[in-house]
Amino acid sequence: MTDITNAPGASGRPSSTELVAASLKARHRKQKRLQWIGLGAISIAFLMLFILVGSLVSTGWQAFTQTHVTLDVYVDPEEIPEERLPRGGFDDALAASLGKMLPGVDMNDRATARAVEKILSNGAQFELRDLVVADPALIGKTITMTVPVSDPFDQLNKGLIARDTPEENRRVKNNEIQWFDTLKDEGAISKPFNWALFTNADSRFPELAGLKGALVGSFWALLTCFLISFPLGIGSAIYLEEFAPKNKLSDFIEVNINNLAAVPSVVFGLLALAVFIGWFGLPRSAPFVGGLTLALMTMPTIIIATRAALKAVPPSIREAALGLGASKQQVVFQHVLPLAMPGILTGTIIGLAQALGETAPLLLIGMNAFITSAASSPFESATALPTQIFIWADSPERGFVSRTSAAILVLLGFLVMMNMVAIYLRQKFERKW
């Protein structure tokens, strides 16, 4: 007998089996097309990420090394008399010692002496001063020092200044290049890891500029943000989720919290400028004010994450605790909250990571001041990592280009570390029911 369902109709139309087979092929083609579109989107995202990180590394890795020169410095008592300390001709003593390493250089010529002195960083004289002030017995002796060179010679050593460029278009003259090559041939030039990038604060000289002030300022601001937003955010979320009556007022509050999480950060900066600085008279450029501003911005994120973590706890936990005679407060703080804490910590860390990268609100409250020392308290003037990047990016000196990229890499490193901690906490303490 012939299968009627598989047989073509009298009009020659395809059978049901043929229609289903054609439909399956079309669905499979759509599924494949969707998979390829997804892979293409992921590939484009990874390509953009690779281009971003690659461009930062290509321009920023040079900042992680610094050119130094090693020289034997004679602490001349005529230039540096003990009775005048901490004053003295420390720069002249360094220039004279460097000139002795350059054959054929007349250090009695003032112009030549100044040109030789330009090889050394401006901070070299202060390093010598600190050594002599700490031990005046060094006066009259010869000491070996390794000090940074100035930014033009640092760029020359790193290949960032082309030697074949016409002399009038170069920051380093031909005779200065010959002097530097002489020092290099004598083994006096080295290029170690640039620890000053993390141990120095900001400076007008690129070879001396570091991130210590910005790192300390970011620490104080994030600490203030955490101490304010974490307890207030968790307390608000617990009340709204577990204790608040479900009425129009609680719905209104919930809607506004969700809206606040989407408000641009610059709005919080304007609010902080008007309230904290304008009304309360708090100091500008202080990490405490920056932490208050970031707390306002982070608190909605923490509230939303905490409520989501509380909702993820099964109702059976609450019902079992209530059935055993526990009060509502005991149920929440002894049973629900500990189980929700991994999600709460994850949301908090992600919120703090977002706050770490914010620039606009910190600029509005003045945390972009030129600060040459790290703040010892959250009430002193300071800068932060994002604003330090902004300052260096706006600087005309070429040496700050690589330091800007290096600072961005440091900031990205902190963000990646914070997100890794959040993932670790979630995986370690997450409970499945």
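Student: How much space lies in the largest pocket?
Tutor: This is a predicted model, and its largest pocket holds about 390 Å³ of space. The pocket is lined by 21 residues, of which K118, L120, S121, N122 and S150 are the closest to its centre.

Student: Which elements give two or more residues to that lining?
Tutor: They are α2 (90-99), α4 (124-134) and α5 (151-157). The most comes from α5, with three residues.

Student: And how many of the lining residues are nonpolar, polar or charged?
Tutor: Eight are nonpolar, four polar and nine charged.

Student: Ok, what volume does the second largest pocket have?
Tutor: About 300 Å³. Its lining has 15 residues, and E127, P148, A196, N200 and L208 are the closest to the centre. Two or more lining residues come from each of α4 and α7 (196-199). By class, this lining has six nonpolar, seven polar and two charged residues.

Student: Changing topic: in the largest nonpolar core, which residues touch the most other members?
Tutor: L211, L294, I365 and W392, out of 42 residues in that core. Several helices supply at least two residues each, including α8 (212-243), α11 (287-312) and α16 (399-429). With nine residues, α16 gives the most.

Student: What is I365 in contact with, leaving aside neighbours within four places in sequence?
Tutor: I365 is in contact with G269, A272, L273, I277, R284, S285, V289, G290 and T293.

Student: What other core lies apart from the largest one?
Tutor: A core of 35 residues, among them I80, L98, L120 and L156. L120 is also one of the residues closest to the centre of the largest pocket.

Conventions: Residues numbered from 1 in each chain as written. Predicted model: local features only at pLDDT ≥ 70, side-chain atom pairs only at ≥ 80, totals over all residues. Heavy atoms only, no water. 1 Å grid on protein atoms, 1.4 Å probe; cavity = no way out; pocket = protein on both sides within 12 Å on 5 of 7 lines; lining within 4 Å. Points joined across faces, edges and corners; volume = space filled by probe spheres on them. Helix = DSSP H or I, 4+ residues; strand = E, 2+ residues; numbered from the N terminus. Nonpolar A, V, L, I, M, F, W, Y, C, P; charged D, E, K, R; others polar. Core = buried A, V, L, I, M, F, W, Y, C linked by side-chain atoms within 4.5 Å. Buried < 20%, exposed > 50% of the residue type's maximum accessible area, 1.4 Å probe, protein only. Contact = heavy atoms within 4.5 Å.
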